[in-house]
Number of protein chains: 2
Amino acid sequence: MAIATTAADPLPSWNDGAGKQAILAFIARVTTAGSPDFLPWAERIAVFDNDGCLWPENPMPFQAAFAIDELKRRILVEPALAAVPMVQAALAGDLGKLLEGDHFDGLMQILALTHTGMTTDEFRVAVEAWLASARHPRYGRPYDELTYLPMQELLSYLRAHDFKNFIVSGGGVDFIRVWVERVYGIPPEQVVGSTARTTYELRDSGPVLTKTLDYLFVNDNAGKPVGIHQFIGRRPVICCGNSDGDHAMLQYTTINNPRPSFGLIVHHTDAEREYAYDANTKSTGKLVAALREAPTRGWVVVDMKQDWKAIFETD
Amino acid sequence: MAIATTAADPLPSWNDGAGKQAILAFIARVTTAGSPDFLPWAERIAVFDNDGCLWPENPMPFQAAFAIDELKRRILVEPALAAVPMVQAALAGDLGKLLEGDHFDGLMQILALTHTGMTTDEFRVAVEAWLASARHPRYGRPYDELTYLPMQELLSYLRAHDFKNFIVSGGGVDFIRVWVERVYGIPPEQVVGSTARTTYELRDSGPVLTKTLDYLFVNDNAGKPVGIHQFIGRRPVICCGNSDGDHAMLQYTTINNPRPSFGLIVHHTDAEREYAYDANTKSTGKLVAALREAPTRGWVVVDMKQDWKAIFETD
């Protein structure tokens, strides 16, 4: 079901429920000339989590799938890697093992192998090649064709109302920037993500930046407001997330913000068309904190099964 | 001499020399529809150094003047500070002493006293109060009235041609973002500067970010291409600087860039109206490297005395 946006209905793949009404009402309130809550365009900053908010994060974050495919490619030229325990864990999809320990040593080892040592240009080419060839195991389609149609409509609707949309993701900024302009219409300079410092040198071939893991900044949880301040430098007025990794930036956007503000949580409830998984924290079995806090804060909870007519553009 | 921009002459405070002609020719070349070098607007990224390129850096960088005035304010409530040797050096304007040693311990001590421990909101208020009250020792005017009129015209001209102007400064991003939108029409999210990580907490009063010096990133010299990559994520096509601190980003912008590119150096030659100081490196007495390299690279050297009719708006 490809759904065309019209002036009469800018969010056609959203069912006509409380979530859609709340979005339309907020945008009208802050962009209608003469409204007491009118926001000058410079203040119209919207931030979006990426994994699980703009595209799926199952069966694993797509960047992890990229890293595993990169490992497979590396093993062909360096077979000894296949014997490394953390490489074996990664190839087996055992992300839990990579995340063991206080310093995520396994994950760092895999990142070092797949995300460092190359120039930023070489890394970009690798991501582009992966997107062109890899297919999602369940949907059988390129990963970058799996963005959520209702969220794409929301991005367009905000842009049409002079909002500047930013990605604020725990994913690596170099990974996301490769495709985000083509796929979401968001330019690279509007991506806040996990970063490490590159090193600069002028080679005979020209200037080169080489990727490292030095000064790694993980843009997740409490890191998201820190990243927003560092990269954007002002508080957003709209924040869309889906997990407790977005809890702090939802708070940062909406609590005691002198400007009108709006929080939204994409709640994954649709096992048939997508995945149903994010209601309870694994450790306690209780409702995740962001969802628990949503009614008090006035954050809109979008129930994917109830609220979305279509999930993907080709549904 | 306040000079009005007109359609016939978008750079009226520039004398009609080679520098002005080179700027106009480049912009026409990359923004005229049908030109073989036409740049889509998304690729129109221009970066500007701040100190010495958009406003003066004498008799000391303006942020250093802010730090010294902050120290004076702090001493009123904490008189013991007056006995600290590095505080005494700062108050005496002895910046050389603060920069001694491999790790700039003196400078770090002064930054810790004046740029950390407060919330980002408190820091912003302090910068605003300083700009409202402090006066430049030579010109007797508020620091933010001392931007270079010819560079302001260039910023406007580029903006009118759909360029996105970024500040890329060694100065602190939190210091610059306070006033840059009002003074240059550049929004905070288009400022790349020196940064350190804030810490996030949710207090009863709301979300708070506190300034620290942790993970300090100095956006100068080879740090500038690193900062550009980290914050912007693509190579600029225009780079304007004035010192060897901008040498690496001039190279990064213009050497083997697959897109057409333009480098410009503001050369401080006008002791009468501004300052004459940046021709030779202090240690060797030789021409600074960026100026030495300019002819080979095709970077336009702007001679302030020859090329600028006016320096400031009120000249």
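Trainee: Which residues is Glu43(B) in contact with, leaving aside its neighbours within four places in sequence?

Mentor: In this predicted model, Glu43(B) is in contact with Val237(B) and Arg259(B) once those neighbours are set aside, where contact means that the C-beta atoms of two residues, placed from the backbone, lie within 7 Å. Glu43(B) itself is found in the loop between α1 (18-31) and β1 of chain B, and such elements are DSSP runs numbered from the N terminus, with helices (H or I) of at least four residues and strands (E) of at least two.

Trainee: How should I read the numbers, the letters and the confidence limits?

Mentor: Residues are numbered from 1 along each chain as its sequence is written, while chains are lettered from A and ligands numbered from 1 in the order in which they are written. Since this is a predicted model, local features need pLDDT of at least 70 and side-chain atom pairs count only at pLDDT 80 or more, whereas totals for chains, interfaces and linings use all residues.

Trainee: What makes Glu43(B) buried, exposed or partly exposed?

Mentor: A residue is buried if 20 or more other C-beta atoms lie within 10 Å of its own, exposed if 12 or fewer, and partly exposed in between, with C-beta atoms placed from the backbone. Glu43(B) has 17 other C-beta atoms within 10 Å, and is therefore partly exposed.

Trainee: How do the two loop residues Asp162(B) and Asn256(B) come out by that count?

Mentor: Asp162(B), in the loop between α7 (149-160) and β2 of chain B, has 12 C-beta neighbours inside 10 Å and so counts as exposed. Asn256(B), in the loop between α11 (247-254) and β7 (262-267) of chain B, has 13 such neighbours inside 10 Å and so counts as partly exposed. Each also has a positive phi without being a glycine: the value is near 65° for Asp162(B) and about 50° for Asn256(B).

Trainee: Why is strand β2 of chain B called largely enclosed?

Mentor: Nine of the nine residues of β2(B), residues 164-172, are buried, so the strand is largely enclosed by the rest of the structure.

Trainee: How do you know that β2(B) pairs with β1(B) and with β3(B)?

Mentor: Two strands pair if DSSP finds at least two bridges between them. Strand β1 (residues 45-48) of chain B and β2(B) have four bridges in the parallel sense, and Ile45(B) has Lys164(B) as its bridge partner in β2(B). Between β2(B) and strand β3 (residues 191-194) of chain B there are three bridges, again in the parallel sense, and Val168(B) has Val192(B) as its bridge partner in β3(B).

Trainee: What puts the buried residues of α5(A) on the same side of the helix?

Mentor: The buried residues of helix α5 (residues 105-115) of chain A are Gly106(A), Leu107(A), Ile110(A), Leu111(A), Thr114(A) and His115(A). They cover an arc of only 130° around the axis, which puts them on the same side of α5(A); the arc is that of the directions from the helix axis to the C-beta atoms. What covers them includes α2 (62-77), α3 (85-91), α4 (95-98) and β2 of chain A.

Trainee: How many residues of each chain are in contact, and which element gives the largest share on the side of chain A?

Mentor: The contact joins 33 residues of chain A with 33 residues of chain B, and α10(A) gives the largest share of the side of chain A, five residues.
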